[in-house]
Amino acid sequence: MVKLVYSGPLSLRLCSLAKLSQIAIATSIRHAFGRKMAEDWDANMETGIRFVRHQFSAAMRHRDIAQGRRLFDSVQTQTDDVYDVTSTVSRGVDGRWHVPRHCDSEAVLLYFHGGGYTFHGGVSDRFAQMLSHHSGARLFAPDYRLTPEHPHPAQAQDAMAAWDHLTAETPAERIVVIGDSAGGHMALMLLQALKDQGKPQPALCIGLCPWTDIGDRGASLRNNNATDLVQGWMALQFGRWLDPDQVFGRDTLSPICYDYSGLAPLYLQAGGREVLRDMIIEFAQVQKENGAKVMLDLWPDMPHDFQAYDSLTASSTAAIGRIRQAIDTYLFAREPLAELPGITVVQDLGIS
């Protein structure tokens, strides 16, 4: 089941709720006449995607991005899954620790939230709690600086500060760096920064629907607009906000332009109906050719950041299970991360 979570000014809550109701009614009518976004998605799934897409669009186009963020957060859709996690504010580096009641993993997760480097609201905290709960591991989620107010290298600096904060007490070989969307970009770029500074790599890097090129790459960036909650133009705008004066350039800020051979193993997940699909697949293929340890699982029926659906869909449930399996594989070598027939696109993890 899906529930609504409200925050912020009443006027924004009412505005967002009215839009959600309008979208829900229109979607139900379309489905009644057989006009579906995807044949295997019900009206609730489609309504949620259309609503988040609208909220993102309205927030990004708002003349005041701070007010846009409040609009985006005013009404959030969440699953009714219960996460038995305690959350506390961290000391030393801005962020939050999420600790599951049943903490049965020796791993420590460094989680970078998504949101195009521009948004960070309740949805990000919920995602962090979900990952901590299902992995059974302590998770640190830094509150890194956001664009457009703070362009690159602010996020890279904050990522390294978070890494240094964790490694002051936890060995690198016990740390898993994980991020979704722009957070996946942040995780991948951190590996290169660690290499440049001669610092140890984490045990594993997990990219969930990761942004691998800040420029225009792949047909899906436009062709999948109809089935995704993030749009191609949004990804390009996030890229412009990250490097507004093009001081650093696309190649410098795109993980796909780097060689990940010899770095931490990469486990990636993507949805077949998301706009970032093609660039994620290409990134995995390029890194396999480079000799990096990389594996990509693709769920053809899913949009961007589909893991957040948790128990609502079989694909999201399977993806979350694979995250735990990947962590156990690289930290404890309990069993190989086996290929999923019909889903895995690239597999070269270097596990004997």
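Reader: By class, how many nonpolar, polar and charged residues does the lining of the second largest pocket have?

Author: In this predicted model, the second largest pocket has a volume of about 310 Å³ and is lined by 19 residues. Sorted by class, that lining comprises eleven nonpolar, seven polar and one charged residues.

Reader: Which helix gives the most to the lining of the second largest pocket?

Author: The helices α5 (154-167), α6 (182-196) and α9 (250-253) each supply at least two residues of this lining. Nearest the centre of the pocket lie H152, A156, M189, L190 and A193. The helix that gives the most, with seven residues, is α6.

Reader: What covers the buried residues of α5?

Author: The helix α5 has 14 residues and reaches 20 Å from its first C-alpha to its last, close to the 20 Å expected at 1.5 Å a residue. Its buried residues, with buried meaning under 20% relative accessible area, are A154, Q155, D158, A159, M160, A162, W163 and L166. The elements that cover them include the strands β4 (95-100), β5 (108-112), β6 (138-142) and β7 (175-180), together with the helices α6 and α8 (232-242).

Conventions:
Residues numbered from 1 in each chain as written. Predicted model: local features only at pLDDT ≥ 70, side-chain atom pairs only at ≥ 80, totals over all residues. Heavy atoms only, no water. 1 Å grid on protein atoms, 1.4 Å probe; cavity = no way out; pocket = protein on both sides within 12 Å on 5 of 7 lines; lining within 4 Å. Points joined across faces, edges and corners; volume = space filled by probe spheres on them. Helix = DSSP H or I, 4+ residues; strand = E, 2+ residues; numbered from the N terminus. Nonpolar A, V, L, I, M, F, W, Y, C, P; charged D, E, K, R; others polar. Expected span 1.5 Å × (residues − 1). Buried < 20%, exposed > 50% of the residue type's maximum accessible area, 1.4 Å probe, protein only. Contact = heavy atoms within 4.5 Å.
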